[in-house]
Amino acid sequence: MVSDSDTIAAIATGPGAGGVGIIRLSGPEAFSVARKLTKLDAIARQAHFVSIADCQDKVLDQGLLIQFPGPNSFTGEDVAELHCHGGPVLLRTVLRECINFGARQALPGEFSQRAFLNNKIDLVQAEAIADLISSSTEAAARSASRSLSGEFSTKVDALLEQLIRLRVFIEAAIDFPEEEIDFIAESDVLQRLRALESSITALLQSARRGRTLRDGLKLVIAGAPNAGKSSLLNQLAEQDTAIVTDIPGTTRDLLREYIQIDGLPLHIVDTAGLRDSADAIEQEGIRRARTEMQSADHILLVVDNSGSLGHLDSAELVNSHEGDLPNAVPITLVRNKCDINETPATLKTGDITEIFLSALSGEGIELLRKHLLATAGMSDTESSDFSARERHVLALEECAEHLHQGLNQLQDHGAAELIAEDLRYAQDSLGSITGSFSSDALLGEIFSSFCIGK
């Protein structure tokens, strides 16, 4: 068992006052520290009513003591929990006494890190603990719970096993070149590579949906003044967040709103109207609007469809803002004020989706909501989806890229050595997800983002 020799302690419940607060200890002296505080030799996995006293035997509180002997505990070490009343001052006092009796303050995420190092959980499950705690929607909490139960890890491990078996087969063929049979040519390596690439691609799509559930989408509303951007924000937020007037340039700074649509978190940014202006304040607002669009996941380009621009097609409307819109960010064209001369509708023209709606009356808003879910890949989300992070997506993308390169090497050159090298890189990328291959720097970055008591 890999373990730190220190005994660590921390407040495991959230900040603020509550009915109950928990102090958690883990390490070789966890039971000894708990005994000094409670004067009790506790029976494992039984709740004991105790008095908790300081080093001068002055009673601080009455509560419960539960002990979990290692290795059958969360961290794999001896773990003790003191359940006290949940006052912040009291909890800090009990924690101080734990330290006085020989424990030290735990580092952020150190309990989960010890569980990982002691093979109680893998890296994906450790991250899922933090994701479950910080979930902003019910759907995100459910997906984090599935990752914590090992659903994501099981899929990664199964693909990793297939990849390793294929790599071993190819490297065996390289090590025995004197054999008359060409193992690479005569085997089903090509089919196995294709099947593996297909499975990785499917897992990547699920991971992207999981990342979206966890992080949400940044949605920027852009367009000319008086196009109805602020009205659209108010409709999506279902409240009067933005001031709406007939005066062009009313919105001069960024307005931000956080909402969710069927479990999809959306970080919406309403921006100043895009136009040439001599007003210094409005110019700054337009500059900020362009900056926000550069970092957006999706842009809603709002157009007053009742005015002179209504006759232009989607490509012409997008091109009219060519200097403002970033090339790499997907765009949805929102034709506003459809209540005047159009009906609500969704229209696909080439690569551009057009939504006809009325931001004033709310007609067609539901079409936009459904489109945003589809854009995020959430319209067909299955109940088996799991939470994922950006690093998981990047690792799967790298793995898929190396497998694709390996396929090309096999089809174009039949170069076994190059295929084996691509598979080695793919294995490293895939293994980094669960922690079977990881660097100390990666582990430090992950666990430092945890709350202290985890």
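Trainee: Why is F152 called buried?

Mentor: Keep in mind that this is a predicted model. Buried means under 20% relative accessible area. F152 has 0%, so F152 is buried. F386 also has 0% relative accessibility, so F386 counts as buried too.

Trainee: What makes F152 and F386 a stacked aromatic pair?

Mentor: Two values decide. Ring centres must lie within 6.5 Å, and planes under 30 degrees apart count as stacked. Here the centres are 4.2 Å apart and the planes make 15°. A search of the whole structure finds 1 aromatic pair.

Trainee: How do you know that the pair links distant parts of the chain?

Mentor: F152 belongs to helix α6, residues 151-175. F386 sits in the loop between α13 and α14. The two are 234 residues apart.

Trainee: What makes R24 count as sitting over the ring of F111?

Mentor: The distance cut-off is 6 Å from the ring centre, and the charge must also be within 35 degrees of the ring normal. The charged end of R24 is 5.6 Å from the centre of the F111 ring. R424 lies over the face of Y425, at 4.6 Å.

Trainee: Which strands stand at the edges of the sheet, and why?

Mentor: The open sheet has 7 strands, in the order β8-β9-β7-β10-β11-β13-β12. β8 and β12 each have a single partner strand, so one side of each is left without a neighbour in the sheet.

Trainee: How do you know that β11 and β13 pair?

Mentor: Pairing needs at least two bridges. β11 and β13 are joined by 4, so they pair, and they run parallel.

Technical notes:
Residues are numbered from 1 along each chain as its sequence is written. This is a predicted model: local features need pLDDT of at least 70, side-chain atom pairs count only at pLDDT 80 or more; totals for chains, interfaces and linings use all residues. Side-chain values use heavy atoms; hydrogens and water are left out. Rings of Phe, Tyr and Trp (its six-membered ring) pair if their centres lie within 6.5 Å; planes under 30 degrees apart count as stacked, over 60 as edge-to-face and the rest as tilted. Buried means under 20% relative accessible area, exposed over 50%, partly exposed in between (1.4 Å probe, protein chains only).
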